Amino acid sequence: MSPSGPGGTGALPVRVRVGYGLGSFATGTFGTVPGLLLLYYLTDVLGVGAGLAGLLVFLPKAWDVLLNPWIGSRSDRTTRARLGPRRSWMLLGALTMPLCFAAMFAAPGLGGGPAAAYVALLFLLTASAYACFQVPYVALPAELTADPDERARVMSWRVAFLAVAILLSGAVAPLLAGATAEDRGSAGGYRLMGAVIGALLAAGMLAAVAATAGTRSVLDATSEPGLRAQLLAARGNAPFAWLLGAFVTQAAASGLMLAGTQYFATYILGRPGATTLLFLCLIVPSLLAMGLWLAAGRRAGKRNAAVWASLCFLLGCLGAAAGRALPAPLIYAAVAVAGVGYAGMQLLPMAMLGDAIAADAYRSGRRRAGVFTGLWTAGETLGLALGPGLFGLVLALGGFVSSDADHRVAQPGSALTAIVVGFGALPAALLLLSLPLLARYRLTEAELVRLRDASAARPATRTEGAA
């Protein structure tokens with residue numbers, strides 16, 4: 001293990017840091033656009049019922065709960081790939097996922113049941129292709145450097161690009177789709193949006209593959225013999241298990257707010273164009289707060305800082321829950337407070353994940369980052385899918401009336417209440433549930449350094465997996 005640079009405990013080259021971060025243009029965009037527009041596209045453009053639409057948004061991503069750990073297991077074994085460990089999987093996703101994404105928003109003159117089936121199939125293919133990129137991508141920080149602080153700096157680049165991607169995609173995608181206009185968008189607008197966002201996805205993915213190609217892993221470790229053994233190992237990693245539970249719960253809360261943004265802007269604020277302003281209020285404070293949470297994590301520990309960030313997001317959710325009673329400026333202020341917390345909720349758990357993966361490798365001497373990140377991304381995907389699914393269920397229970405792009409339907413008061421509950425109250429409740437789980441993560445930076453030093457003192461043994 002060299003003292004600095006790739007494979008060591010010092011700083012990584014700027015090319016690697018920035019290049020890795022560029023991959024977040026893809027992860028941030030895919031995490032934002034379907035969550036923001038897909039449910040709305042189904043209910044208010046294609047005329048699919050709210051309950052069925054919520055189910056269709058949920059089920060394809062639920063498939064990733066099975067797929068992601070398998071991809072993680074396979075990527076653990078691609079140690080001799082020409083581009084470097086895991087890069088062949090990332091390249092596969094980069095070449096296939098953008099095309100599937102563009103096709104998903106290009107339903108060829110369909111409506112109702114046929115439209116629902118078409119979108120569900122394409123969303124399944126898109127989510128599967130995305131998993132090929134995302135799982136190995138998330139595994140890389142634990143293998144790029146052995147320095148916990150350097151991992152946090154790498155993650156700060158990732159989260160900074162993530163915030164920019166969310167801002168751009170959250171503002172540009174509705175604009176391209178026409179969903180900021182009074183007609184709430186058109187099928188042609190959504191086709192244009194799918195093509196442009198697909199190109200952005202491809203650019204981010206390919207940039208991450210190219211910039212990190214050739215870097216070697218710092219973990220001199222051996223692979224587990226199979227997926228079952230790796231799943232058992234993950235279950236025995238207590239810091240990872242508690243962190244995963246908290247992150248999935250918080251991802252569901254974020255997914256609820258994301259799915260509800262267009263509905264909140266259209267039916268509560270009475271301005272479809274307010275979607276862009278809501279996104280600005282969420283993401284600009286996130287960008288400004290990134291350095292704050294990074295410093296807080298170094299000073300007070302990542303876990304404690306993550307709890308503070310969660311409480312900040314919770315406070316913003318409570319403000320949004322009062323959306324029908326508050327004036328618009330106070331609603332925007334509440335979303336801005338949530339944005340400050342959102343930065344920490346994205347940055348700190350990802351840095352803690354890298355620490356938990358590295359601690360496992362130091363203890364066991366085995367290469368299984370892929371299965372941990374496979375389970376992590378499966379949990380994240382499940383949480384983000386649960387958000388729109390729950391929001392669709394809340395809309396159905398509230399009596400929301402679906403319509404196509406050419407006809408606006410007046411909503412009953414119960415539907416307006418459902419929108420506010422899904423956008424603010426339910427996310428706040430999920431944040432409360434996540435806090436006890438987060439508190440059980442007890443891997444400190446000092447313990448991680450101790451494990452690293454003990455591992456370095458042991459004789460190195462390595463058995464590579466098959467290419």
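Start by selecting D355, which is buried at a relative accessible area of 3%, where buried stands for under 20% relative accessible area, exposed for over 50%, and partly exposed for what lies in between, with a 1.4 Å probe and protein chains only. Before going further, note that this is a predicted model, in which local features need pLDDT of at least 70 and side-chain atom pairs count only at pLDDT 80 or more, while totals for chains, interfaces and linings use all residues. Residues are numbered from 1 along each chain as its sequence is written, and side-chain values use heavy atoms, with hydrogens and water left out.

Because D355 belongs to helix α13 (residues 328–364) and K302 to helix α12 (residues 302–321), the pair ties together parts that are 53 residues apart in sequence. Helices here are DSSP runs of H or I with at least four residues, strands are runs of E with at least two, and both are numbered from the N terminus. K302 is also buried, its relative accessible area being 7%.

**The crossing of α13 and α14**

Return to α13 and display helix α14 (residues 369–397) beside it. Two packed helices are described by the angle between their axes and by the distance between the axes. The axes of α13 and α14 come within 10 Å and cross at roughly 145°, where axes are lines fitted to C-alpha atoms, for helices over the stretch in contact, and angles run from 0 to 180 degrees between N-to-C directions. The crossing is right-handed; a crossing is left-handed if the near helix is turned anticlockwise from the far one by less than a right angle, and right-handed if clockwise.

To see the contact (heavy atoms within 4.5 Å), select P349, M350, L353, I357 and D360 of α13 together with A369, F372, T373 and W376 of α14. By class, this contact has seven nonpolar, one polar and one charged residues, with Ala, Val, Leu, Ile, Met, Phe, Trp, Tyr, Cys and Pro counted as nonpolar, Asp, Glu, Lys and Arg as charged, and the others, Gly among them, as polar.

**Aromatic pairs**

Next, turn to the rings: the structure holds 21 aromatic pairs, a pair being rings of Phe, Tyr and Trp (its six-membered ring) whose centres lie within 6.5 Å, with planes under 30 degrees apart counted as stacked, over 60 as edge-to-face and the rest as tilted. Select F30 and F101, whose ring centres are 6.4 Å apart with planes at 70°, so the pair is edge-to-face. F30 lies in helix α2 (residues 24–44) and F101 in helix α5 (residues 87–104), so the pair ties together parts that are 71 residues apart in sequence. F30 and F101 are both buried.

Y263 and F400 form another edge-to-face pair, 5.5 Å centre to centre and with 80° between the planes. Because Y263 lies in helix α10 (residues 238–268) and F400 in the loop between α14 and α15 (413–439), this pair ties together parts that are 137 residues apart in sequence. Y263 is buried, and so is F400.

**V57 and its contacts**

Now select V57 in helix α3 (residues 50–62), a residue that is buried at a relative accessible area of 4%. Leaving out residues up to four places away in sequence, V57 touches L38, L39, L42, F123, A385 and P388. The C-alpha atoms of V57 and P388 are separated by 6.7 Å, although the two are 331 residues apart along the chain.

**The whole chain**

Finally, zoom out to the chain, whose secondary structure comes to 16 helices and two strands. Of its 467 residues, 61% count as buried.
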